[in-house]
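Please keep the sequence and the structure in view while reading.

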Amino acid sequence: LKGAKIAYETIITDFSDDANKLIKSKPLLSKKIYDQFDQALKERSNRGHYAELTFIGVNSADVKEHKKTNSILKVTVDFVGEVITCIKDKDKKIISGDPEKIKKIYDTWVFSRDTRSTNPNWQLIDILT
């Protein structure tokens, strides 16, 4: 689960990048998830908004389910994390969130990896709510 926690922090932090671009986390995202995140970032950028985020940490990461189909491994992980986050407009006015308050976030993410691949990285393929 150590790798899942690192991926979680990398992806959450990257999604809040001021430039509204996914840079570090792109190799960790399936095309479907990358496209969803990229679209959300473009919409945020078109509104003139940007996110500020401080990642506090992962309180817990628990494997909820795991299965293997042929050579594909899938692992579903429940995360509880803590962040300080807010969305601001171009004038730096707060649209949502609170830059002073720690917020708990609950996420269930599905990671996948082809066991035949030489790439050791898992990819985020789904986000469950």
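## Aromatic pairs

Rings of Phe, Tyr and Trp (for Trp, its six-membered ring) pair if their centres lie within 6.5 Å, and a pair counts as stacked when the planes are under 30 degrees apart, as edge-to-face when they are over 60, and as tilted for the rest. By this rule, a search of the whole structure finds seven aromatic pairs. One of them joins Phe15 and Phe37, whose rings are 4.9 Å apart from centre to centre with 50° between the planes, a tilted arrangement. Because Phe15 belongs to helix H1 (residues 2-15) and Phe37 to helix H2 (residues 31-46), this pair ties together parts that are 22 residues apart in sequence; helices here are DSSP runs of H or I with at least four residues, strands are runs of E with at least two, and both are numbered from the N terminus.

The structure is a predicted model, in which local features need pLDDT of at least 70 and side-chain atom pairs count only at pLDDT 80 or more, while totals for chains, interfaces and linings use all residues. Residues are numbered from 1 along each chain as its sequence is written, and side-chain values use heavy atoms, with hydrogens and water left out.

A residue is called buried under 20% relative accessible area, exposed over 50%, and partly exposed in between (1.4 Å probe, protein chains only). Phe15, at 26% relative accessibility, is therefore partly exposed, whereas Phe37, at 13%, is buried. The rings of Trp109 and Phe111 have centres 6.2 Å apart and planes at 55°, so this pair is also tilted. Trp109 is buried at 3% relative accessibility, and Phe111 is buried at 5%.

## A buried serine in a loop

Where is Ser25 placed? Ser25 lies in the loop between H1 and H2, and with a relative accessible area of 0% this residue is buried. Leaving aside residues up to four places away in sequence, Ser25 touches Thr10, Ile11 and Asp14, where contact means heavy atoms within 4.5 Å.

## The buried side of H1

Within H1, the residues Ala4, Ala7, Tyr8, Ile11, Ile12 and Asp14 are buried. They cover an arc of only 165° around the axis, which puts them on the same side of H1; the arc is that of the directions from the helix axis to the C-beta atoms. What covers these buried residues includes H2 and the strands S1 (50-69), S2 (72-88), S4 (103-114) and S5 (123-128).
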